[in-house]
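I want to look up the fold first, then a few side chains.

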Amino acid sequence: MSGKQESQESRDRYSLRGKVYEKIREDILNGRYQQNTELKETAIGAELGVSRTPVREALRQLELEGLVKIIPNRGAYVNMITAKDVQDIYAIRSMLEGTCARWATEYITEEQLEDLEETLCLSEYHTRKGNYEKLYELDSLFHEQLYSASNSRILNHVLSDFHDYVKKVRKASIASQGRSVKSTEEHRAIFEAVRARDADRAEELAREHVRHTIESIQVYGLEKIL
């Protein structure tokens with residue numbers, strides 16, 4: 001086999017593993033599996049139409065991420081995000097989202113500002129309509145656009161992962177009418193501070209936004225949501 005063929009096979013294998021990894025990861029974070037559910041390589045492979053090898057590799061990657069625990073000679077099991085994990089994530093996110101907003105005031109482009117405002121206007125429209133499913137999508141997009149505007153690949157990556165980890169919590173927050181209205185208002189305030197290039201205000205507003213979200217969720221009880 002030539003080096004070129006080997007290289008192509010290696011790329012295909014890693015691409016396949018990545019797809020399997022993303023699917024299993026999404027299923028865990030969306031709550032398809034319960035805590036300690038066994039993730040059987042054969043069953044997942046059959047479901048996804050792949051061999052056991054990319055499934056095994058994906059499970060090992062998820063173990064490094066903390067979402068799967070592999071017990072030698074027994075198997076791989078789901079390791080769900082706990083209430084303590086969520087509290088920790090929001091505490092860390094509060095600081096990092098503030099840094100993200102601060103950096104965005106320096107690096108955001110006019111095109112990025114236009115995209116952010118368009119997302120915000122759509123959010124305000126769907127808030128008035130009470131379209132919570134669409135609001136969840138737009139909430140995610142607003143934060144993704146802000147992460148990108150920070151001009152930091154590392155910060156973008158870390159915050160995107162944290163955002164994924166708390167999907168169920170964020171959906172519950174958005175589904176709360178009072179919080180969804182307040183959240184959209186807070187997004188507007190963050191946007192205006194970023195557009196005005198007011199780094200101190202943008203940072204503080206972004207931190208408060210994350211703190212308010214976790215405070216609103218704690219009223220309902222994290223354990224019930226998770």
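**Fold and side chains**

I started with secondary structure: the chain has 11 helices and 2 strands (DSSP runs numbered from the N terminus, H or I of at least four residues for helices, E of at least two for strands). This is a predicted model, where local features need pLDDT of at least 70, side-chain atom pairs count only at pLDDT 80 or more, and totals for chains, interfaces and linings use all residues. Residues are numbered from 1 along each chain as its sequence is written, and side-chain values use heavy atoms, with hydrogens and water left out.

From the N terminus, I read the element order as α-α-α-β-β-α-α-α-α-α-α-α-α.

Next I checked burial: 42% of the 226 residues are buried (under 20% relative accessible area, 1.4 Å probe, protein chains only; exposed is over 50%, partly exposed in between).

Then I looked up Glu186, which sits in helix α9 (residues 177-195). Glu186 counts as buried because its relative accessibility is 10%. Beyond neighbours within four places in sequence, Glu186 contacts Arg179, His209 and His212 (heavy atoms within 4.5 Å).

Which rings pair up? I found 1 aromatic pair in the structure: Phe162 and Tyr165, tilted, at 6.3 Å centre to centre with 55° between the planes. The rule covers rings of Phe, Tyr and Trp (its six-membered ring) with centres within 6.5 Å; planes under 30 degrees apart are stacked, over 60 edge-to-face, the rest tilted. Phe162 and Tyr165 are about one helical turn apart because they are 3 residues apart in helix α7 (residues 153-165). Phe162 is buried at 15% relative accessible area, and Tyr165 is buried at 15%.
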